Amino acid sequence: MLTSLYVRHLAVVEEADIAFGPGLTVVSGETGAGKSLLVDALMLLAGARADSNMVRAGSDRAELVAEFDLKGLPQAQDWLKREELDEDGACQLRRVIRAEGSSRAWINGRPATIGQMADLAALLVEIHGQHEHQALLERAHQLNLLDAYAENETRVGEVRDLAQQWRELGARIRKLSGGDDRGHRLELLRHELGELEKWALAPTQLAELEASHKRLANAGKLTEGITGVVELLDGDSELALRQSLGRAHAELGRLAALDERLAPMLELLDNAQIQLNEAVDGLEHYAQDLDLDPERYAEVDTHLTRLHELSRKHRVPVAELDDKRAALHVELSELENAGEALERLSAQREQLQRDYAKLAEALSKTRQAAAKRLGKEVSALMGELGMAGGVLDIALEPAEGGDPDPQGRERCELLVSANPGQPPRALRKVASGGELARISLAIEVATLGKDTIGCMVFDEVDTGIGGAVAEVVGQKLRALGARCQVLCVTHLPQVAAQGHAHLRVSKHSQGKSTQTRVESLNTEGRRDELARMLGGLEITRETRAHAKKMLEQAQAV
């Protein structure tokens, strides 16, 4: 659900910060006031192409920010996690359009591409009206909507999984039955595996080899250094630590005889002498055992050199060469026993294809039945919405190719005839924005509770209608608002009266500057706005009474 929209320096809007709630929110205002700018702002936040002319005159940039509540929108939550743009359940879209024509986008405060913003917005908001970017125009979305209407979620998931398994088995079979390349692959695998079995080491063995190489490479420095340390500790010089410690111990012993409180310190020096003796003995043994074998160093150095060569060859770290060896061993084993493996995999694939055919057939039947029901419901609603004689047909066409397809055996296309006698045409090719908006409304009402989009926007859905039809449109929008959030830009009081909330857009001139203001109306404000929509500039007592009655009737339903 859209919770807030902030617009700054967009066209004639100086600054607007609008809060939104659930249900149907209607947007009204005089012609030219900028009612559709809110829709334009959402379109821009949904990834629409930006034009520098949209920036308010005299400003260097326009800024748009929308915040959404993701409760009940698991797909959007999952998308944010996959893209690593999630932020404690928050969802904020921000876009800045500069006067020179460039623009930048952010999702939850992190830089994002326009493509990412469009992908996320498609899961959050659906805009109906005179716009190109509508999910309902996409054939994939139409099929998803039909499946949601038919409650096919489980069947679709099973069909998709079987098709994916079938494709994966096909890839394995092609790999095993490589034809002429199989012999070359076997020869190469045996050669590479031989190299890795000779040189690759387990992690612990590799660590020991590297430590040994370091020790052998620095054997001379170690020998010289140990000799110097032993000389400092136990040399002939009177400055050697053992001699100095002995003199200190003797002197402290004489003093301890005079004061017994020095006895603990004397004991510490005793311990120090013991540890010093152990250190000297240990260093002397280390020096004796130090390996100065040049041949051994050459062997270890050669081993490490080969390991690094193999690392570059197989494009894996040295530490992962042993894992590479194990993987090549498995592949070689499969290729050497390809006959048996191919028979097993082929049998599994044939069984998957039979299982897929059974489930896909069941899915097709539910789609066909649902398409008929949905077509009838939408056609009836089109008549109620002022499109008498209009018809919606849902055509199911066979998918290309005969292989198991993750989407099933058919594709969906919504065909519409807006007027009697006209042949049905693809919904995406319907020219009239007003007709398209009302058809979209009919589809959404017919599929109440099926679409996963949390916010629906209808721009001028009431174009070209009036009277009783306008009231029906308003009632349908209000019914839709009971299930999800709905925003509707309207110029008809019959539609505006049905809103749960009402925003008024007005334009004000201050000298040479023109600004658009967006305000949320209370009950009295709504009455006056409906009266203006009913009676024009002159608002009479009668129009106010009529407006009040319209509001009361809408709230009573």
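Two strands are taken to pair if DSSP finds at least two bridges between them. Helices (H or I, at least four residues) and strands (E, at least two) are DSSP runs, numbered from the N terminus. The model described here is predicted, so local features need pLDDT of at least 70 and side-chain atom pairs count only at pLDDT 80 or more, while totals for chains, interfaces and linings use all residues. Residues are numbered from 1 along each chain as its sequence is written, and side-chain values use heavy atoms, with hydrogens and water left out.

With these terms in hand, the sheets can be taken in turn. An open sheet is formed by 3 strands in the order S9-S10-S11, with antiparallel pairing. Its edges are strand S9 (391-398) and strand S11 (425-426); each has a single partner strand, so one side of each is left without a neighbour in the sheet. Strand S10 (residues 410-417) runs antiparallel to S11 and is joined to S11 by 2 bridges. Within this pair of strands, Val416 stands opposite Arg425 in S11.

A parallel arrangement is found elsewhere: S8 and strand S12 (residues 455-459) pair in this sense over 4 bridges. Here Glu126 has Met456 in S12 as its bridge partner. In a regular strand the side chains alternate between the two faces of the sheet. For strand S8 (residues 125-128), both faces are covered, with Val125 and Ile127 on one side and Glu126 and His128 on the other, all of them buried. Buried means under 20% relative accessible area, exposed means over 50%, and partly exposed lies in between (1.4 Å probe, protein chains only).

Glu83, Glu84, Asp86, Asp88 and Asp119 form a negative surface patch. Patches are made of residues with over 30% relative accessible area and no salt bridge, like charges being joined within 9 Å and nonpolar side chains (Val, Leu, Ile, Met, Phe, Trp, Tyr) within 5 Å. A salt bridge is a side-chain nitrogen of Lys or Arg within 4 Å of a carboxyl oxygen of Asp or Glu.

Asp88 is found in the loop between helix H2 (74-82) and strand S5 (92-98), and Glu84 lies in the loop between H2 and S5. Asp88 counts as exposed because its relative accessibility is 80%; Glu84, at 63%, is likewise exposed.

Conventions: Areas by Shrake-Rupley, 256 points an atom, 1.4 Å probe, with all protein chains shown as cover. Lys, Arg positive; Asp, Glu negative; His and termini not counted. Charge placed at Lys NZ, Arg CZ, Asp CG, Glu CD.
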